[in-house]
Amino acid sequence: MEAVTEPLLLAVVVLTALAFDFTNGFHDTGNAMATSIATRALKPKQAVLLSASLNLVGAFLSLTVAATIAKGIVDAGIITLDVVLAGLVGGIVWNLVTWLFGIPSSSSHALIGGVVGAALAAAGTSGVLWSGLAAKVLIPALVAPLVAILVGSIGTRLVMHFTRDVPEDQNERMFRWGQIGSASLVSLAHGTNDAQKSMGIILLALIAADAVPEDSGVPFWVVLSCALAMAIGTYLGGWRVIRTLGKGLVELESRQGMAAETSSAAVILLSSHFGYSLSTTHVATGSILGSGVGKKGAAVRWSVAGRMFMAWLITVPAAGLVGAAAYGLDVLVGGTAGSYVVFAVLVAVSFGIWLWSRREPVGHHNVNDEWEPEADNESIVAESVVDHDMELLTVAADHEQPREEQR
Amino acid sequence: MSEFVEWGALGQVVLFGLLVGAGLPAMFALGVRSLAGPGARGDDGQVPLVRRVVAYACFSTVVLAVLGAVAYIAAGGH
C-alpha cells in the first residue's frame with residue numbers, strides 16, 4: 001500500500017478518526033441523558049459529566065476488538081487509507097449536519113454510509129456487499145425503533161398502572177433515582193460499543209500503513225485517546241440533540257423517563273448479545289416514543305418523529321454521497337496531497353457548520369425551554385390542543401377569579 | 001425477506017427485551033407502590049415492616065440486574 005512510508009498521512013487519518021469519535025460522543029450524549037435532563041432528575045451539566053465519565057469507563061471496560069464496522073458491508077480488499085479517510089469525512093460531516101438540525105441519527109450508520117460511498121467511488125458497485133448492507137444496516141434501522149416502542153410503551157404502561165395512586169412527589173423522588181441508574185447504564189453501554197468502532201478504524205489504518213503488525217491488538221494509546229475523544233465530545237454535549245429527544249418528542253416525567261431508559265439499556269444489550277446489533281440512537285428514540293404511547297393522554301409529536309425516521313433512512317446515502325465526494329476529491333488532486341486537501345476541506349466545513357450553529361445556540365441554559373415547533377403545522381395544532389390547553393385554562397381562571405370576587 | 005431479517009435473533013430480542021426492559025421498571029414501580037402507595041403508612045405514620053421488605057426486595061432485584069448488566073459489559077459479552 002502506498003501509505004507505508006507516509007507517517008504524515010497516517011497521522012491525518014488517525015486524527016480524523018479521533019474527530020469522528022469526538023462527534024460521536026458529542027452527538028450521542030442525548031441518547032443516554034436526554035430524559036434525565038428533561039425530567040430534571042439531573043442538572044444538565046451534572047448529566048453530561050456523569051455520561052462523559054461513564055463513556056470513558058465504558059471504553060476501557062471491554063476490549064474485544066470491534067474492527068467490524070465495515071466488515072460484511074464493503075469488500076475488505078479495497079480498504080485503503082484513502083477510502084478510510086473519505087469514509088470518516090462522510091461520517092463526520094453527516095454527524096455535524098444532523099447535529100445542527102438537532103436530529104438524533106446513528107453515528108455508526110453515518111460512518112458506514114461514508115465508507116460505503118467511498119468504496120463505491122473507489123471500486124464501483126462491486127465493492128459493496130448489498131445484501132449485507134440491507135441486512136445489517138437498513139432493515140435494523142426500521143426494526144430498532146419498533147422493538148423499542150413496544151418495550152418502552154409496555155414498560156411505561158405497567159409503571160403507570162402500578163403507581164397510579166402513589167402521591168406524585170413520592171413518585172418523582174424515587175423514580176429520579178431509578179432514572180439516574182438506568183441512564184448511567186445506557187451511557188456505559190454506549191461507551192463500550194461506540195468507542196471501539198473508532199479504535200477499530202484506527203487499528204485498521206495502523207495495519208494498512210504497516211505501523212503495527214497485522215495481528216496486533218489495540219495499542220494502549222489508541223484506547224486512551226479514543227476514550228478521551230469520546231468523553232470530551234460527550235462533555236461538551238450535543239445540546240441540540242438532547243433538546244429534540246428530551247423535549248421535542250414527548251413531554252416526559254420521571255416515571256416515563258425511567259421506563260424509557262431501562263427499555264433502551266435492555267434492548268441495546270440484548271440485541272448485541274443475540275448478534276442482532278441495533279443502533280443506540282434508534283433504540284433510545286424508540287423507547288422515548290414508547291414512553292409517550294404507554295402513558296394515557298400523553299402527547300407524542302409524531303411529526304417530529306417522522307422527520308427523524310426520514311433522516312435515518314437517508315443517513316447512509318447522504319453520508320455515502322459525502323464519502324464518495326471526498327474520495328473523488330482525493331483522487332482528483334492526486335497522491336498524498338489529495339488526502340491533505342480532503343482533510344483541509346473537512347476542517348473548513350466543520351468550522352463553517354460550527355459558525356452556523358452559533359446563530360442559534362442551544363446550551364445547558366436553554367436545553368429545557370418550551371418546545372416551539374417552527375414551520376410545522378401539524379405539531380402546532382397538536383401542541384395548542386394538548387400542551388397549551390392547561391396554560392390557557394389557568395390564565396383564564398386567573399382572570400375570572402377576581403371578577404367573581406367583585407360580584 | 002428471511003434473507004434480510006434474522007427472525008430468530010429478533011424474536012429473542014423482543015421476548016427478553018419485554019421481560020427485562022418492561023419487567024424491571026414494573027418491578028421498581030411495585031417497590032415504590034409498596035413503600036408509598038395508598039395505605040402504606042399505618043396509624044402511627046410508619047411504613048410496616050412487611051411493606052418495607054417487599055419494597056427493598058423489589059429495589060434490590062433491579063439493582064442486581066443493573067450490576068449484572070455492568071458485569072456482562074465488562075466481560076466483553078458482546
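Q: What makes α9(A) largely enclosed by the rest of the structure?
A: Of its 20 residues, 19 are buried, so α9(A) is largely enclosed. Buried means under 20% relative accessible area, exposed over 50%, and partly exposed in between (1.4 Å probe, protein chains only). This is a predicted model, in which local features need pLDDT of at least 70 and side-chain atom pairs count only at pLDDT 80 or more, while totals for chains, interfaces and linings use all residues. Residues are numbered from 1 along each chain as its sequence is written, chains are lettered from A and ligands numbered from 1 in the order in which they are written, and side-chain values use heavy atoms, with hydrogens and water left out.

Q: How do you know that the reach of helix α9 of chain A is close to the expected one?
A: Helices (H or I, at least four residues) are DSSP runs, numbered from the N terminus. The expected span is 1.5 Å times one less than the number of residues. For residues 254-273 of chain A that gives 28 Å, and the helix reaches 28 Å from its first C-alpha to its last.

Q: Why is A:Tyr235 called partly exposed?
A: Its relative accessibility is 36%, so A:Tyr235 counts as partly exposed. A:Tyr235 is found in helix α7 of chain A. It also belongs to a nonpolar surface patch of about 740 Å², with A:Leu49 and A:Phe60 among the other members. α7(A) gives the most to this patch, with 6 residues.

Q: What makes B:Tyr56 and B:Phe59 an edge-to-face pair?
A: Rings of Phe, Tyr and Trp (its six-membered ring) pair if their centres lie within 6.5 Å; planes under 30 degrees apart count as stacked, over 60 as edge-to-face and the rest as tilted. The centres of B:Tyr56 and B:Phe59 are 6.0 Å apart and their planes are at 70 degrees, which makes the pair edge-to-face.

Q: How many residues apart are B:Tyr56 and B:Phe59 in helix α2 of chain B?
A: They are 3 residues apart in that helix (residues 49-74), so about one helical turn separates them.

Q: Are B:Tyr56 and B:Phe59 buried or partly exposed?
A: B:Tyr56 has a relative accessible area of 49% and is therefore partly exposed. B:Phe59 has 14%, so B:Phe59 is buried.

Q: Which residues do ring pairs link into a cluster?
A: The cluster consists of A:Phe175, B:Phe28, B:Tyr56 and B:Phe59.

Note on methods: Helix = DSSP H or I, 4+ residues; strand = E, 2+ residues; numbered from the N terminus. Patch = residues over 30% accessible without salt bridge, like charges linked within 9 Å, V, L, I, M, F, W, Y side chains within 5 Å. Areas by Shrake-Rupley, 256 points an atom, 1.4 Å probe, with all protein chains shown as cover. Salt bridge = Lys/Arg side-chain N within 4 Å of Asp/Glu carboxyl O.
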